[in-house]
Each structure stands twice: as structure tokens, then as C-alpha cells.
Amino acid sequence: MATQDTIVAIATPPGRGGLGIVRLSGPHAVEITAALIRFPKLPLETQHATLGDFTEPRSGRVLDQVVTTCFRAPHSYTAEDVVEISCHGAPVILNFLVERCLESGARPAEPGEFTMRAFLNGRIDLTQAEAVRDLIESRTLYQARFAAQQLEGSVSARLKPHKQTLLELIALLEGGIDFADDDVPVSDWDEISARIDRIIADLGRLAEGYSYGRIVRQGLSLAIVGRPNVGKSSLFNRLLNEERAIVTATPGTTRDLVAESAAVGGIPLRFVDTA
């Protein structure tokens, strides 16, 4: 799916830092960048980092030295022309660079639009697009590994042979229907049924893993409940390995819910100490 829009957005988190990145994607990404950044030579080399100066439009004064990386379609994240401009992470510089890109013909990217374009252009499939979100939102290394496997196409690789088998069965059955008068042989019905049963069984095992995958992605909330003064707060502190809740011999010191998060076996857990 090709689009004539060139989109732009700040690709790094809000705030100040050593580096900040502005990303453009679309047919005019390279053209817009060349008009805003002063380079020693043009055109920009593909998949090479090039040092340049980001200048004020009227005075020509240098605002920042930037490193620009150019990726030509289809060898980019979105399968379109992509340019990533690495500046110093000053919000005023990043925002002004985006404004200049908008004045030059780009439009603001919608949330997740770079990944959406990668999906629409066939660069990644839907499960990989979801894995991008899971990887960004991961809170533990285990979650990150789990998402990275899916991003590499682990689910797609498991589904692909089943899709191919089903297409072969469809072709076989349609051939038998279309050429029924010509006595074209069709595979034994028991064999066709057996192949379908094998697919159903494997897809069933894949679906069973959904509950575990959801726990890995979202984590769990665990409430510690019991009679007063049986050690709920002590257990809560021990699980967190810190003195988070008040522990005394006097009953009733915990009057409200006290919650804290921790990772157990790489899975994020939200422990709740109750009254």
C-alpha cells in the first residue's frame, strides 16, 4: 500500500536528554531533510550516517549539529523512504525541527503510524506489529525476550505451514468439484480429514498458550488477605524486600489498601496488602 503523505514525529520520549531523534517516512522524506539540513555533499548516501548542520531559515545560523541516517524504500522499517535525524535532546530544537518539516510539506504522524505503515506495506504482519507495542511496554527482561521472539516472527512461522496445507486442500477439493465429470481423482476423505484434524490440534495448542502470554504481557494482581495480625504486612514487605507497610504488634495498623509492584520470574506482579 503506497501513500503520498510524508509523516514526521519525535521518536524519542519527551523530556531533555543527550540525544533526540526526529523521524520522517514517505516519498518526500529525503527531499524535506535536504532542504532543512546543510550537508557537506548531496545526495545522502543510503544507510549511512551523515553529519550536517540544522540552521535557522532566515539568518542561516547553526542551531545544532545533527547526524542524519537515510533508508531508501523498501529497505526501511516502513518499507518507504525513511530519514532519522539525531539531534541533541533539547525539546526546543526537536519541536522546531518538526515545525520546519511540517512547513516543508510533511504532516504529523498519528500514534503508531510508523508501525501501521510497516504493516500495511507488508514489512511486518499483525502479530509482529503487536509485538512492537509489547516490546516498548515491557517492564522486565523476560517480557522483552517474549516480545522479541514474536517480533522475529515465531507465531507467523508456526502458522505458515498450516496456511499452506489448507490452501493445498482447498485447491484439491475445488479441482475435484470443477472436474467431477472428468473423473479427476480426489484424495481419500479420511486422509483429508486427518490432515485437518492435525491442524486443529496444533492450533488448539497454540491457542492454549494465549492465557500464559497475556499474563506475561499484563502481569498479575495478587491480594494478601487474612485475619488481623496474622502477618500480612510482614509477608508483603518480605515479598518486596523492603519496608513498605507498617508492621507492629497492634492489630489494625493497615487500614487502606497498600499496593506495590515487583517482578517474580520475569513476570510483573502487583501485590496488595489488605486491612
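Which residue in β4 is the bridge partner of R38? I looked this up in the model, which is a predicted one, and found D53. R38 and D53 form a bridge between strand β3, residues 37-38, and β4, which pair in the antiparallel sense over two bridges.

I then followed β4 to strand β5, residues 62-71. β4 and β5 pair in the antiparallel sense as well, over seven bridges.

How many of the seven residues of strand β4 are buried? I found five, so β4, residues 49-55, is largely enclosed by the rest of the structure.

**Entry: the sheet of β8, β9 and β10**

My next search concerned an open sheet of three strands. I wrote down its order as β8-β10-β9, with mixed pairing. β8 (220-224) and β9 (258-264) each have a single partner strand and stand at the edges, so one side of each lacks a neighbour in the sheet. From one strand to the next, I noted an average twist of 25 degrees.

I took the two pairings in turn. β8 pairs with strand β10, residues 267-273, in the parallel sense over five bridges. β9 and β10, by contrast, are antiparallel and share seven bridges.

Which residue in β10 is the bridge partner of S221? It is R270. I then looked up S261 and found that its bridge partner in β10 is R270. I therefore kept in mind that strands of a sheet pair through backbone hydrogen bonds, either parallel or antiparallel.

I also checked the hairpin of β9 and β10, which has two residues between the strands. G265 there takes a positive phi near 65 degrees.

**Entry: helices against this sheet**

I asked what α7 lies across: the strands are β8 and β10. Its direction runs at about 70 degrees to β10. Helix α8, residues 232-240, packs on the sheet and touches β8, β9 and β10. The direction of α8 makes about 155 degrees with that of β10.

**Entry: the largest pocket**

I turned to open spaces. The largest pocket holds about 480 Å³ of space. Of the 17 residues lining this pocket, those closest to its centre are F146, Q150, V155, L206 and G209.

Which element gives the most to the lining of the largest pocket? I found α7, with seven residues. α4, α5, α6 (154-178) and α7 (189-218) each supply at least two residues of this lining. I recorded its division as five nonpolar, six polar and six charged residues.

**Entry: the second largest pocket**

For the second largest pocket I noted a volume of about 390 Å³. There are 16 residues in its lining, and Y77, G112, T115, V132 and I136 lie nearest its centre. α3 (113-120) and α4 each give at least two residues to this lining. α4 has the largest share, with six residues. By type, I counted nine nonpolar, two polar and five charged residues in the lining of the second largest pocket.

**Entry: the cavity**

How many cavities of 30 Å³ or more does a search of the whole structure find? My search gave one. The largest cavity has a volume of about 30 Å³.

I listed A131, D134, F146, A147, Q150 and R217 as its lining. The elements giving two or more residues to this lining are α4 (126-137) and α5 (141-151). The largest share, three residues, comes from α5. The lining of the cavity divides into three nonpolar, one polar and two charged residues.

Notes. Residues numbered from 1 in each chain as written. Predicted model: local features only at pLDDT ≥ 70, side-chain atom pairs only at ≥ 80, totals over all residues. Heavy atoms only, no water. 1 Å grid on protein atoms, 1.4 Å probe; cavity = no way out; pocket = protein on both sides within 12 Å on 5 of 7 lines; lining within 4 Å. Points joined across faces, edges and corners; volume = space filled by probe spheres on them. Helix = DSSP H or I, 4+ residues; strand = E, 2+ residues; numbered from the N terminus. Nonpolar A, V, L, I, M, F, W, Y, C, P; charged D, E, K, R; others polar. Pairing = 2+ DSSP bridges. Axes fitted to C-alpha atoms, helices over the stretch in contact; angles between N-to-C directions. Contact = heavy atoms within 4.5 Å. Buried < 20%, exposed > 50% of the residue type's maximum accessible area, 1.4 Å probe, protein only.
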